Amino acid sequence: MKDLSYKKNQKQILHDVNLNLEKGKIIALLGENGAGKTTLMRIIAGVAKNYKGTVSLEGATKEADRKARLSFTDGLTGFSDSTKIKDVVNFYINIFEDFDADQFDQLREFMKLGLDMKLSQLSRGMREKLIIALTFSRKVDLYLLDEPFGGIDAMARKKIINSIILWKAEDATILISDHFVNEIATLLDEVVVIKDRTIFAHESAEEIRSNHESIEEYYEGLYEDEDE
Ligand SMILES: Nc1ncnc2c1ncn2[C@@H]1O[C@H](COP(=O)(O)OP(=O)(O)OP(=O)(O)O)[C@@H](O)[C@H]1O
């Protein structure tokens, strides 16, 4: 992302964002409520438009070209409540050439979701599991996970987090926003923090650890001066 700025309803939401995400890395996108994490993901994904600046993924700058190279499941909006999981999957199979139905079946079983379940029958956590399974069933360069685990119970969350590394190709990149920094810490190669409408910090997890800090301590430390 180069010189990226974004306004919505005349409110400046992101300003002067410059960010380079390295291939193959798992990167946390952190920031307080309203900092702009979802907005940034929606811009990268090509859902939020009319931004200023350049977003490029493996050389692809046009929204349609980027969309073909990244996987972002935006809350399953657009499907009615009576849609069954199998209908959602068929939609994905039809729309995305890279959708791997076998991989989805494995993930669906892992998440204990039935094909005949309707979206209206899913709890918040089950819906999030479906979104994770759909997102990781595509073979793409970049996976965008926006607060994927909020409703998922602690045990399942741990299992999913431990498996994420296995689900991604070695050179695929994952950008994941979450409020439970500690839980995803073991996964992370890098940490990006959004604050004051821009990229406030971008550090390697190794560097943070070599300063004998946990990622959570590092993150909280960025806000400490303000709370005093
Ligand atoms: N439709 C909208 N119109 C105007 N402002 C909006 C709109 N949607 C979001 N915003 C503003 O954009 C800013 C960033 O919101 P965003 O959802 O990207 O934050 P976030 O970091 O993902 O927050 P959270 O952690 O709470 O999910 C917020 O200040 C919010 O008020």
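Modeller: Helices here are DSSP runs of H or I with at least four residues, and strands are E runs of at least two, both numbered from the N terminus. The model is a predicted one.

Colleague: What share of residues 1–221 is helix, and what share is strand?

Modeller: According to the unreviewed UniProt entry, this stretch carries the annotation "domain: ABC transporter". Its end C-alpha atoms lie 26 Å apart. The composition of residues 1–221 is 36% helix and 22% strand.

Colleague: Which strands are at the edges of the open sheet of 6 strands?

Modeller: The order is β5-β6-β7-β3-β8-β9, and the pairing is mixed. An edge strand pairs on one side only, which holds for β5 (70–72) and β9 (198–204). Neighbours in this sheet are turned by 15 degrees against each other on average, direction ignored. The edges are β5 and β9.

Colleague: Which residue in β9 is the bridge partner of V191?

Modeller: β8 (residues 190–195) and β9 run antiparallel and are joined by 6 bridges. They form a hairpin with 2 residues between them, and D196 in the turn has a positive phi of about 50 degrees. For V191, the partner in β9 is E203.

Colleague: At about what angle does α1 run to β6?

Modeller: α1 lies across β3 (26–30), β5, β6 (142–146), β7 (173–177) and β8. These strands belong to the 6-strand sheet. Relative to β6, the helix runs at about 150 degrees.

Colleague: Which element gives the most residues to the shell around the ligand?

Modeller: The shell includes K8, N9, K11 and I13, and also G31, N33, G34, A35, G36, K37, T38 and T39. Two elements, β2 (11–17) and α1 (37–45), each supply at least two residues. With 3 residues, the top contributor is α1.

Colleague: How many residues of the shell around the ligand are polar?

Modeller: Sort the shell by class. It has 2 nonpolar residues and 3 charged ones. The polar count is 7.

Colleague: Which residue in β4 is the bridge partner of K2?

Modeller: β2, β1 and β4 form an open sheet in the order β2-β1-β4, with antiparallel pairing. β2 and β4 (52–54) are its edge strands, and the twist averages 20 degrees from one strand to the next. Between β1 (residues 2–8) and β4 there are 2 bridges. In β4, the partner of K2 is T54.

Note on methods. Residues numbered from 1 in each chain as written. Predicted model: local features only at pLDDT ≥ 70, side-chain atom pairs only at ≥ 80, totals over all residues. Near = placed C-beta within 6 Å. Nonpolar A, V, L, I, M, F, W, Y, C, P; charged D, E, K, R; others polar. Pairing = 2+ DSSP bridges. Axes fitted to C-alpha atoms, helices over the stretch in contact; angles between N-to-C directions. Contact = placed C-beta atoms within 7 Å. UniProt positions renumbered as here; feature names shortened; annotations may be inferred.
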